[in-house]
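The following note sets out several points for a colleague who has the model at hand. Please read each point alongside the structure.

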Amino acid sequence: MDFLRDNGQPLGCYSNRFVRNIDLDGNFLDVSYNIGHWRSIEKLERWAESHPTHLRIFVTFFRVAAGLKKLRLYHEVSVSDAKSQVFNSQYLPSADLAETLRLHVRQRLAAHAPPREVEFVKQLPKPPSGKLQRFILRNQEITKQ
């Protein structure tokens, strides 16, 4: 995270910050995330697939995570460039659309990144600030099980 914060500009990373949640007493919670702003998703993926530090982290992560059946990771991606945005209201949630999305993402992202599942929701839980409330998604997953 520090590498991108300090050296990311030439790679296409405008800014990068690691964030950990804390409770009201200032104690760290078991929740963390990264906020990064990139020139393009392609620049992000090119870095993720080639930087030695990132590769080392993910190799270790997948060794540990392989035995975790209930692990849920969330990725919220925003594309600001209008030319990269596609929206067509004719697409309704379906198993076919989910598989089409999975295949599309698999072709564009690194091998470790494609989701195992695609779930369609009408709305993501966000407060007025617009930040995704991941804890609500986690609680919904726990309730399903």
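How many helices and strands does the chain have?

1. Overall make-up. The model under discussion is predicted. The chain has five helices and two strands; along the sequence, these elements follow the pattern α-β-β-α-α-α-α.

2. Burial and surface. The chain comprises 145 residues, of which 17% count as buried. It exposes about 12,000 Å², and carbon and sulfur atoms supply 55% of that area. Among contacts with a separation of 6 or more, 41% are between residues 24 or more positions apart.

3. Strand β1 covers residues 13-22 and strand β2 covers residues 28-38. The two run antiparallel and are joined by eight bridges. N16 stands opposite G36 of β2. Five residues lie between the strands of this hairpin, in which G26 takes a positive phi near 90°.

4. The nonpolar core. Which residues make up the largest nonpolar core? It has five residues, namely L4, C13, W38, W47 and A48. In soluble globular proteins, nonpolar side chains tend to be buried together. Two members of this core, W38 and W47, are taken up in the next point.

5. The tryptophan pair. A search of the whole structure finds one aromatic pair. This pair is formed by W38 and W47, with 6.1 Å centre to centre and 40° between the planes, and is classed as tilted. W38 is buried, with a relative accessible area of 17%; for W47, also buried, the value is 12%. Leaving aside residues up to four places away in sequence, W38 touches L4, L11, G12, C13, Y14, K43, L44 and W47.

6. Helix α2. Which residues of α2 (residues 41-50) are buried? They are E45, W47 and A48. These residues lie on the same side of α2, because they cover an arc of only 165° around the axis. The elements against which the buried residues of α2 pack are α1 (2-7), β2, α3 (52-65) and α4 (95-108).

7. Helix α5. In α5 (residues 134-144), the buried residues are R134, L137 and E141. Here the arc around the axis is only 60°, so these residues sit on the same side of α5. An α-helix has 3.6 residues a turn, so residues three or four places apart point the same way. I142 and T143, on the other side of α5, are exposed. Strand β2 is included in what covers the buried residues of α5; β2 is also one of the elements against which the buried residues of α2 pack.

8. Residues up to four places away in sequence not being counted, R102 touches P115, R116, E117 and V118.

Technical notes. Residues numbered from 1 in each chain as written. Predicted model: local features only at pLDDT ≥ 70, side-chain atom pairs only at ≥ 80, totals over all residues. Heavy atoms only, no water. Helix = DSSP H or I, 4+ residues; strand = E, 2+ residues; numbered from the N terminus. Buried < 20%, exposed > 50% of the residue type's maximum accessible area, 1.4 Å probe, protein only. Contact = heavy atoms within 4.5 Å. Areas by Shrake-Rupley, 256 points an atom, 1.4 Å probe, with all protein chains shown as cover. Core = buried A, V, L, I, M, F, W, Y, C linked by side-chain atoms within 4.5 Å. Pairing = 2+ DSSP bridges. Arc of directions from axis to C-beta. Phe/Tyr/Trp six-rings, centres within 6.5 Å; stacked < 30°, edge-to-face > 60°.
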